[in-house]
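Please consult the sequence and structure shown below while reading.

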Amino acid sequence: MAAEFGKLHHLLPPRYKRLVASWLEEDCPSFDYGGFVVGEEVKEARLLGKSPGMLAGVPFFNEVFRQLECTVEWHIQEGETFKPIKHCATVRGPINKILLGERVALNTLARCSGIAT
């Protein structure tokens, strides 16, 4: 496993934070209708692993929600394998921001985890 050779964040492209910002902009280029409807109340969302696999893509997931002023608490580590149904992480923040980042964060995490698995 890659983690045995060093810290995985050293593998990130230098511009990954700009990439995440561009993904968010592409996903919602104009008015956020869903965010308008749900409001700004602070809530939490649970990330559940529903298929066996290996967690990968944590830095991208974290950066999506960091840019949206939310926090992520991980319950398993990058590179760890899990069996369903596993509570992998909890995201906390304004519900409109959680919904805004949900698709980008989950798509990225699913892609990275699928490759790692």
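The second largest pocket holds about 270 Å³ of space. A pocket is an open set of points on a 1 Å grid over the protein atoms alone, where a 1.4 Å probe fits and protein lies on both sides within 12 Å along at least five of seven lines; lining residues have an atom within 4 Å of a point. Its volume is the space filled by probe spheres set on the points, which are joined across faces, edges and corners. The model is predicted: local features need pLDDT of at least 70 and side-chain atom pairs count only at pLDDT 80 or more, while totals for chains, interfaces and linings use all residues. Residues are numbered from 1 along each chain as its sequence is written, and side-chain values use heavy atoms, without hydrogens and water.

**Second largest pocket**
- Its lining comprises 17 residues, of which G49, F82, L109, A110 and S113 are the closest to the centre.
- Two or more lining residues come from each of β1 (42-49), β2 (53-54) and α4, and α4 supplies the largest share, five residues. Helices (H or I, at least four residues) and strands (E, at least two) are DSSP runs numbered from the N terminus.
- Ten lining residues are nonpolar, six polar and one charged. Here Ala, Val, Leu, Ile, Met, Phe, Trp, Tyr, Cys and Pro count as nonpolar, Asp, Glu, Lys and Arg as charged, and the others, Gly among them, as polar.

**Largest nonpolar core**
- This core (buried Ala, Val, Leu, Ile, Met, Phe, Trp, Tyr and Cys residues joined through side-chain atoms within 4.5 Å) has 23 residues, and L47, L55, F61, V64, F65 and W74 touch the most other members.
- α1 (16-27), α3 (58-67), β5 (86-94) and α4 (95-116) each give two or more residues; α3 gives the most, with five.
- Beyond four places in sequence, L47 is in contact (heavy atoms within 4.5 Å) with F61, W74, K86, H87, C88, A89, L106 and L109.

**E63**
- E63 is found in helix α3 and counts as buried because its relative accessibility is 3%, where buried means under 20% relative accessible area, exposed over 50% and partly exposed in between (1.4 Å probe, protein chains only).
- The E63 side chain makes polar contacts with the side chains of R66 (2.6 Å) and Q67 (2.8 Å). A polar contact is a pair of N or O atoms within 3.5 Å; within protein, one must be able to donate a hydrogen and the other to accept it, and residues adjacent in sequence count only if both atoms are side-chain atoms.
- Not counting residues up to four places away in sequence, E63 touches Y16, K17 and V20.

**Q77**
- Q77 lies in the loop between β3 (71-74) and β4 (81-82) and counts as exposed because its relative accessibility is 55%.
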